[in-house]
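Dear colleague,

Please find the structure below, handed over for your use.

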Amino acid sequence: MPAPTTTPVQAEEVFRPVMFRGVAALVYALLSIFWIGADQNALAYTTAAFFVVTGALMWQYVAVDSAPAKSRSPYVFGAGLMLLAGIALIFVGSVAWICYIAAFAFLVTGIAELYVFAKLRADFPPFRNQLVTGAVGVILAIALSLSGGMDAHGLFGLIGGGTIIFAVFELIAGFGHRHEIKAAVTKNSDTPEPESN
C-alpha cells in the first residue's frame with residue numbers, strides 16, 4: 001500500500017509556516033556566523049527572538065484545518081514551551097542559563113515533532129518532515145547539555161550550526177509544498193471542461 005501523499009490543500013495550508021520557519025532559522029544561522037563580536041546579550045536576545053518566532057510558526061503549522069485535531073496537543077505543548085523559553089531568555093543572567101534553557105526548548109520541541117512523525121504522519125503526510133526537525137532538535141539539545149564552559153560566541157555558533165540544518169530542510173520542504181501547489185494548479189488548468197449540450 002503506497003504511503004499517503006500531501007494533498008494540494010494541505011500543501012497550501014502549511015506552505016507559509018514551513019517556509020517562514022526555514023527563513024527564521026536561516027537568519028539566525030547567518031547571524032551566528034557573521035556576528036563575530038556577539039556577547040551574552042546578543043546571544044540571549046537573538047535566541048529569544050528565534051524561539052518566539054519558531055514557537056508561533058509551529059502553532060500556525062498545526063492549527064491549519066487539515067491537520068488532525070489529535071496532533072494539536074503535543075504541538076501546542078512544544079510550541080508553547082518554545083515561546084516561554086524565548087521570553088525567559090530575555091531575563092537570564094549567564095551564558096550557562098541560556099544554554100540550559102535552549103537545550104530544554106530544543107529537547108521538548110524535538111520530542112513533540114518526533115511524536116507526530118511516529119504516530120500521525122499517515123493522517124497528515126506533511127508530518128513526514130518532522131523526522132528530521134525532531135531529530136535535529138533532540139541532537140542539538142544533547143550537544144548543548146554537554147557543552148559546559150562555552151562562552152557566548154561559542155554557544156551562538158553551536159546553536160547556529162543546528163539552525164543551518166533546520167533552515168536547509170525547512171526551506172526544501174517549503175519549496176516542495178510550493179511545487180505541489182503549482183502542480184495541482186497546472187493539472188486543473190490542463191483538465192478539459194465538459195462540453196455543454
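**Aromatic pairs and cores**

Tryptophan 35 has a relative accessibility of 35% and therefore counts as partly exposed (buried means under 20% relative accessible area, exposed over 50%, partly exposed in between, with a 1.4 Å probe and protein chains only). Phenylalanine 156, by contrast, is buried at 0%.

This is a predicted model, in which local features need pLDDT of at least 70 and side-chain atom pairs count only at pLDDT 80 or more, while totals for chains, interfaces and linings use all residues. Residues are numbered from 1 along each chain as its sequence is written, and side-chain values use heavy atoms, leaving out hydrogens and water.

The structure holds twelve aromatic pairs (rings of Phe, Tyr and Trp, the last by its six-membered ring, with centres within 6.5 Å; planes under 30 degrees apart are stacked, over 60 edge-to-face, the rest tilted). In one of them, the rings of tryptophan 35 and phenylalanine 156 lie 6.4 Å apart between centres with planes at 65 degrees, so the pair is edge-to-face.

The largest nonpolar core has 32 residues (a set of buried Ala, Val, Leu, Ile, Met, Phe, Trp, Tyr and Cys residues joined through side-chain atoms within 4.5 Å). Among the residues with the most contacts inside this core are Phe51 and Phe106. Phenylalanine 51 touches Met82, Leu89 and Phe106, among others, not counting residues up to four places away in sequence (contact means heavy atoms within 4.5 Å).

Yours sincerely
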